[in-house]
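Please look at the sequence and the 3D structure below, and then follow this report on confidence, helices, ring pairs and backbone angles.

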Amino acid sequence: MVGMPYDLLANPLGAVRLTFQKAVDSGHSGAATLDGRDWGAADLFRQFLFNDGGLSQVPILNAASVRTIPPNSLVRFRGMIQDMLGNEFYVGAYKDAGRWRTNKFTDVSQVPMDLSSDKRVWERRLLYCVPVPWLNSWTEPSSEVLLNRCASSTSPQTEKRQRDDDEIIDHMDTEVLDHAFQGSPPAKKMRGGHPSLSSHAHECMAEGTCSSTSMVPDFESSSLPCLVKIYDSAEDDLKLNDIFEFIGVLTFDPEATAADKGDSDELENRFCEEESVHLPPSKVPRLHCLEHRKLGVHDFLSIAPVVEPKPNQVKDIRETLLGHLTAVLGNDGLAAEFMLLHLLSKVHARVDTLAVGKLSLNLTCFNKENAYVFGNSLNLAVKNLLPITHSIPLSVDYLNTSTLAPRKDYETNRLMSGVLQLAEGSHLTIDETHIQAGTLTSVGVENTRLLKNLIELQKVEYDFKYYKMEMTTDVQLLVLSEGKSNIFPADIVLPLRPSSVGSTEMLDSEALKAWRWYLASLRSLPHTIEPQMQKVVEDDMVAARQANRTLGSQDFSRWLTMGRLMSVSFGETCLSLKHWQMVKELERLRMERLQ
């Protein structure tokens, strides 16, 4: 960075400390006035990341790159908030030889702290984040950016950072006491200790080289979790199961456990206990967050169009996508139309217990034979089109043995994940063709109820042992079954009528990108119904009710949802008479097929 004495990528802590020193020296009465607030560091990094194009230069932290990214450098991590661990106290600022220094955005102190020195105790939030569950591999951005930056960092600024790093001997890691999730206010604890860094870690930082890969635990490609530490952010900015991109300072010491073994017995016991209960820094990297942004499904598109397609182009994309779905479904055009609306559906409002906007789909007439052909083709098509997808081959054994609901483990004070802890925008396919006669245990009955609530209410019950808490979600649900599912009451039930074998066509990469953009972008379009059109819809519903007394509010709500989705599928934000008539025709054809 021109004009900056520190490299924001290789030495972000240097920039943090510089801005802190300037804030203290500019007239503030010590560090007291900086409690719980930013002093300009966040603005500096926002300018670099979003205005100066620095975001693309920041390496992505994952199971592969963690072996090569040097500690205390700037990284970004994309993940889902799987657990919220509460808050912790830490010494945020202290006086050293009459000069204020800061420990913000790090686990260790810049220099040894005198126990009698002036200190300011600050607070930060802890989030346990995991890679997005069931994220498809085609969404993964390149993680090769700056992986070898540490080997080429030879600037004077880097040398100064290395000298600073040699002084890092005062350990400031802190832990969180047990507290009930979203129940009682979180209890907090501050732990102070002075374990020294291992000689190998000192050598790596002093030489400006990456940590030895042999010392880093082996992670599966999608298994790297991250403990994210949040500063100066509102409580309601980050919620459980939200997907975020966190940008901040990486701290990860694979030798921490080995180094601690040389300390006193009392300290050794304390570390052993904490590692069994909490998250050892030798296995879970820490990210001290400087900036974060919420991600939606559209953020996982590898390449977005430079210029968004015009309305006529949107119609062309719709036509080609509909043709692809028709081929996948054995030339069943009606099933393809409903499948398209299903893939565009999204919960956009909640009225009492009703999740407005959802459109679950139950395709029937599947058996083990044709499910192998059409079910597999459909699963593959959905996986190629949507960023987050999962398929459940439902069976009695699966229901009796699977952990679907997240549950609280009070021994470790952790929320243990379940299959249904899904990020917003996920797609779930339930294949009932595997079900055979059998007896459901109490676990199976409970899992069946959980799945039914998910498809009906878009809610999942989390088990906190002493009580249960409903969490709202937004998951597209597709059910494949032989007859109408008696377990899962979908919004749309449609028998599949294939007239040819499923598609084996080679997909054009450009068409695939266009379809992904179409589904990710259009599902979030706003939608309205003009007063004149609203009167037409009301009159049609009254006439339909007079002709068929079995129609109820759920049917009319489904029609309105289909009307919205039909308009959105053409890239339009207002319901037209043409699209409303298309919805009525689809419903007429569906009812004919059900007879």
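In this predicted model, confidence is lowest in helix α5 (residues 199–207), where the mean pLDDT is 33, and highest in helix α9 (residues 333–344), where the mean is 98. The protein as a whole averages a pLDDT of 81, and 78% of the residues score at least 70. Two stretches call for care: pLDDT stays under 50 over residues 143–219, a stretch with 183 contacts beyond four places in sequence in the model, and pLDDT is also below 50 over residues 257–277, which have 20 contacts beyond near neighbours in sequence. Where pLDDT is low, the predicted coordinates should not be read in detail.

The protein has 16 helices and 19 strands, and of its 595 residues 53% count as buried. Among the contacts with a separation of 6 or more, residues 24 or more positions apart account for 79%.

Helix α1 covers residues 12–25, and at 1.5 Å a residue its 14 residues should span 20 Å; its end C-alpha atoms are 20 Å apart, which agrees. Is this helix mostly covered or mostly open? Helix α1 is mostly covered, since 11 of its 14 residues are buried, including Leu-13, Val-16, Phe-20 and Val-24. What covers the buried residues of α1 includes the helix α2 (41–51) and the strands β1 (74–96), β2 (99–102), β4 (119–130), β7 (243–251) and β8 (286–294).

Helix α14 covers residues 531–547, and at 1.5 Å a residue its 17 residues should span 24 Å; its end C-alpha atoms are 25 Å apart, which agrees. The residues Met-533, Val-537, Met-541 and Ala-544 of α14 are buried. Where do these buried residues lie around the axis of α14? Seen down that axis, the buried residues fall within an arc of 75°, so they line one face of the helix. On the other side of α14, Pro-531, Gln-532 and Gln-546 are exposed. What covers the buried residues of α14 includes two further helices, α15 (553–569) and α16 (577–594).

**Aromatic rings**

The structure holds 9 aromatic pairs, and two of them are set out here.

| Pair | Centre to centre | Angle between planes | Arrangement |
|---|---|---|---|
| Tyr-90 and Tyr-231 | 5.9 Å | 85° | edge-to-face |
| Phe-556 and Trp-559 | 5.4 Å | 70° | edge-to-face |

Tyr-90 lies in strand β1 and Tyr-231 in the loop between β6 (226–230) and β7, so this pair ties together parts that are 141 residues apart in sequence. Both Tyr-90 and Tyr-231 are buried. They also belong to a cluster in which ring pairs link Phe-20, Trp-39, Tyr-90, Phe-105, Trp-122 and Tyr-231; one of these residues, Phe-20, is also among the buried residues of α1.

Phe-556 and Trp-559, by contrast, both lie in helix α15, 3 residues apart, which is about one turn of the helix. Why do these two residues count as buried? The cut-off for a buried residue is a relative accessible area under 20%; Phe-556 has 16%, so it counts as buried, and Trp-559 has 13%, so it counts as buried too.

The charged end of Arg-516 sits over the ring of Trp-138, 3.7 Å from its centre, while Arg-78 lies over the face of Phe-300, at 5.3 Å from the ring centre.

**Positive phi angles**

Which backbone angle of Cys-365 is positive, although Cys-365 is not a glycine? The angle is phi, at about 70°. Cys-365 lies in the loop between β11 (361–364) and α10 (368–385), and at 30% relative accessibility it counts as partly exposed.

Gln-458 also has a positive phi, near 55°, and is a residue other than glycine. Gln-458 is found in the loop between α12 (442–457) and β16 (459–463), and Gln-458 is buried, with a relative accessible area of 2%.

Terms used: Residues numbered from 1 in each chain as written. Predicted model: local features only at pLDDT ≥ 70, side-chain atom pairs only at ≥ 80, totals over all residues. Heavy atoms only, no water. Helix = DSSP H or I, 4+ residues; strand = E, 2+ residues; numbered from the N terminus. Expected span 1.5 Å × (residues − 1). Buried < 20%, exposed > 50% of the residue type's maximum accessible area, 1.4 Å probe, protein only. Contact = heavy atoms within 4.5 Å. pLDDT = per-residue confidence, 0-100. Arc of directions from axis to C-beta. Phe/Tyr/Trp six-rings, centres within 6.5 Å; stacked < 30°, edge-to-face > 60°. Lys NZ or Arg CZ within 6 Å of the ring centre and 35° of its normal.
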